[in-house]
Amino acid sequence: MPVSSKTVRSADSVEKVYEAVKALAIDYHFKPGERINEVELAARLGVSRTPVREALNRLAQDGFMSFVPNRGFYSRDITPEGVHDLYEMRAIVEQAAFRLACQRASDEEIEQTAAIWEESCRTLPDPETISDWTKVAEDDEAFHLAIARITHNSRLYETLESLNSLIRFFRRIDLETPCRRNNAYDEHIDIIDAMRRRDIERGVALMDKHVSLSADHAIAVTKEGLARIYFGKRDRIK
């Protein structure tokens, strides 16, 4: 969705420009490998070029852009290896989060975390009838962040939050696939059960299975992502 000048009301607010450009980058409104025209982007947002440049520098540090000296900023590329690496890193962080949550969280915190997904299940239709998985992906992300929050480790939470931003585009595609959508709900329930029992070994294994992306599936998700970016096409990933 294009961001109008109304989105950025404060002409030189770097934070608002950063969030606006980040939203565009997350959903690949910039094509993979596309050179960013700073003048056009500044005009699009209704701001000067200075906050745009500062925002792009931050996004390069966050992994959404790359910077080539004397040439400028470029949108991040998409490769199966890159998608697989992001999910592999996410699996490592999520397993650590589950372990620490079981060790450190109070019973009340665990119940509050479980309630986030259980409430989501009460308000969402059957997985087989969902046509737009954006809300499911948002609820899925919120649940996993809630587990990270009760580790009481701010660095771990921030790391997962950053990874979530980088994989958000692919997460929605992944959750739409039959092999994922048929299992996502049940896997969350099993993870919650293990967390309530503080069964670290079982929970870590469940989290690894739930989060990990096989090399073949990473290729399929990448191909579907590229199809949507360039053609608006939606294939059925098996």
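The model is predicted: local features need pLDDT of at least 70, side-chain atom pairs count only at pLDDT 80 or more, and totals for chains, interfaces and linings use all residues. Residues are numbered from 1 along each chain as its sequence is written, and side-chain values use heavy atoms, with hydrogens and water left out.

**Overall fold**

The chain holds 11 helices and two strands. Helices (H or I, at least four residues) and strands (E, at least two) are DSSP runs, numbered from the N terminus. Read from the N terminus, the order is α-α-α-β-β-α-α-α-α-α-α-α-α. Of the 238 residues in the chain, 48% are buried. Buried means under 20% relative accessible area, exposed over 50%, and partly exposed in between (1.4 Å probe, protein chains only). Among contacts with a separation of 6 or more, 74% join residues 24 or more positions apart. Contact means heavy atoms within 4.5 Å.

**Helix pairs**

Axes are lines fitted to C-alpha atoms, for helices over the stretch in contact, and angles run from 0 to 180 degrees between N-to-C directions.

| Pair | Angle | Axis distance |
|---|---|---|
| α2 (residues 38-45) and α3 (residues 49-62) | about 110 degrees | 9 Å |
| α4 (residues 80-104) and α11 (residues 215-231) | about 120 degrees | 8 Å |
| α5 (residues 107-123) and α9 | roughly 160 degrees | within 10 Å |

Angles under 35 degrees count as roughly parallel, over 145 as roughly antiparallel, 65 to 115 as roughly perpendicular and the rest as oblique. A crossing is left-handed if the near helix is turned anticlockwise from the far one by less than a right angle, and right-handed if clockwise. For residue classes, Ala, Val, Leu, Ile, Met, Phe, Trp, Tyr, Cys and Pro count as nonpolar, Asp, Glu, Lys and Arg as charged, and the others, Gly among them, as polar.

Take α2 and α3, which pack at about 110 degrees. That makes α2 roughly perpendicular to α3. The crossing of α2 past α3 is right-handed. Glu38, Val39, Leu41 and Ala42 of α2 meet Arg49, Val52, Arg53 and Leu56 of α3. The contact has five nonpolar, no polar and three charged residues.

Helices α4 and α11 pack at about 120 degrees. They are therefore oblique to each other. The crossing of α4 past α11 is right-handed. Pro80, Val83 and His84 of α4 make the contact with Ala215, Ala218, Ile219 and Thr222 of α11. Five of these residues are nonpolar, two are polar and none is charged.

Helices α5 and α9 cross at roughly 160 degrees. That makes α5 roughly antiparallel to α9. Here the crossing is left-handed. On the α5 side, the contact includes Trp117 and Cys121; on the α9 side, it includes Tyr185 and Met195. By class, this contact has eight nonpolar, two polar and three charged residues.

**Helix α9**

Helix α9 (residues 184-196) has 13 residues. From first C-alpha to last it reaches 19 Å, close to the 18 Å expected at 1.5 Å a residue. The expected span is 1.5 Å times one less than the number of residues. Its buried residues are Ala184, Tyr185, Glu187, His188, Ile191, Ile192, Ala194 and Met195. Just after α9, Arg198 takes a positive phi of about 55 degrees.

**Arg171**

Arg171 lies in helix α7 (residues 154-176). Is Arg171 buried or exposed? Arg171 is buried, with a relative accessible area of 2%. Not counting residues up to four places away in sequence, Arg171 touches Tyr87, Arg90, Ala137, Asp140, Glu141, His144 and Asn164. Arg171 and Val136 are 35 residues apart in sequence and 9.9 Å apart in space, C-alpha to C-alpha.
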